[in-house]
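This report examines selected features of one structure. The sequence and model are shown below.

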Amino acid sequence: MTGTQPAAQEIDTTRPHPARVYDWFLGGKDNYPVDEQLGRQIAAIDGGAPRAARANRAFMRRATRALAEKSGIRQFLDIGTGIPTEPNLHQIAQSVAPDARVVYVDNDPIVLAHANALLRGTPEGVTEYVQADARDPRAILEQAARVLDFDRPVALSLIALLHFVADEDGAHELVATLLDALAPGSCLVLSTMTADFEPENVHRGIAAYAAGGVTLVARSQAEVGVFFEGLRLLEPGIVSVADWRPEDAPDGDGPISLYGGVGLK
Ligand SMILES: C[S@@+](CC[C@H](N)C(=O)[O-])C[C@H]1O[C@@H](n2cnc3c(N)ncnc32)[C@H](O)[C@@H]1O
């Protein structure tokens, strides 16, 4: 494991953290009362929040499998990994291609604390965890290059990450810097929050996160499309994550306020 963040960075249990609130939505145990409190508050505003977390996770699984199976991608750079939740991305990729190489990146110390679960892969493949901030993409590329060959295609996953990075905080610059480093045949897998379907609930949710000290940004479909400029969007384009090549029956009713898409460089 490598890191650009000071190793001494401690888990702060006095305020909610996105990775831990998301873990609570997914029914995980790696969260604190302060995370549960915000999770319950969000769920009271939008009863579909846990369902959205599950739908997002399912999008990650389908997109990763599609890229490993159909596009022959063997290298994955997953930024904003989150607390390990089985199956993790490397388990999906390595179930298709045991030699797949995966680099995980997150900036939350709780993810670092649990990163060992992300490092248990196949003997033929490689998994690595880098503790770094997405807003420092050059540092990520430098460290990921120890495991990934950037002359060959890489799937860059920014799944439920960019709604924590505002445009003025460098969201577009980080995506552009990362994409620029990728070889032709690489892909961008992205999901991010939107207020297009349920504006009132989503804006109330954003306010609750803000009160907890967490910045959250909703983007329209056109705004999400900007991240894919210069790429060829794979079918079905930018849609609610639940509608991206669905395989199972819908998990409940109502819209999922996260757009997802996959673009090919
Ligand atoms: C909602 S979770 C998504 C986890 C996983 N990608 C998924 O979709 O299942 C968002 C993750 O992004 C991480 N994150 C937020 N801002 C970040 C940043 N600036 N740099 C790196 N990671 C960040 C959080 O710590 C959290 O683990």
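## Surroundings of helix 2

In this predicted model, the buried residues of helix 2 are covered by elements that include helix 1 (18-25), helix 3 (49-69) and helix 8 (199-211). Helix 2 itself comprises 13 residues, 33-45, and spans 18 Å from first to last C-alpha, close to the 18 Å expected at 1.5 Å a residue.

The buried residues in helix 2 are Asp 35, Leu 38, Gly 39 and Ile 42. They line one face of the helix because, viewed down its axis, they fall within an arc of 105 degrees. An α-helix has 3.6 residues a turn, so residues three or four places apart point the same way. The face turned away from the buried side of helix 2 carries the exposed residues Pro 33 and Ala 44.

## The loop at Gly 212

Gly 212 lies in the loop between helix 8 and helix 9 (221-227). Gly 212 is partly exposed, as 19 other C-beta atoms lie within 10 Å, and a buried residue would need 20 or more.

Beyond neighbours within four places in sequence, Gly 212 is in contact with Arg 15, Pro 16 and Leu 38. Asp 12 is 200 residues from Gly 212 in sequence, and their C-alpha atoms are 13 Å apart.

## Nonpolar core

The largest nonpolar core contains 74 residues, and Leu 156 and Val 189 have the most contacts inside it. Helix 3 gives the most to this core, with nine residues.

Residues up to four places away in sequence aside, Leu 156 touches several residues, among them Leu 77, Leu 178, Ser 186, Cys 187 and Val 189.

How values were computed: Residues numbered from 1 in each chain as written. Predicted model: local features only at pLDDT ≥ 70, side-chain atom pairs only at ≥ 80, totals over all residues. Helix = DSSP H or I, 4+ residues; strand = E, 2+ residues; numbered from the N terminus. Expected span 1.5 Å × (residues − 1). Buried ≥ 20, exposed ≤ 12 C-beta atoms within 10 Å, placed from the backbone. Arc of directions from axis to C-beta. Contact = placed C-beta atoms within 7 Å. Core = buried A, V, L, I, M, F, W, Y, C linked by C-beta atoms within 7 Å.
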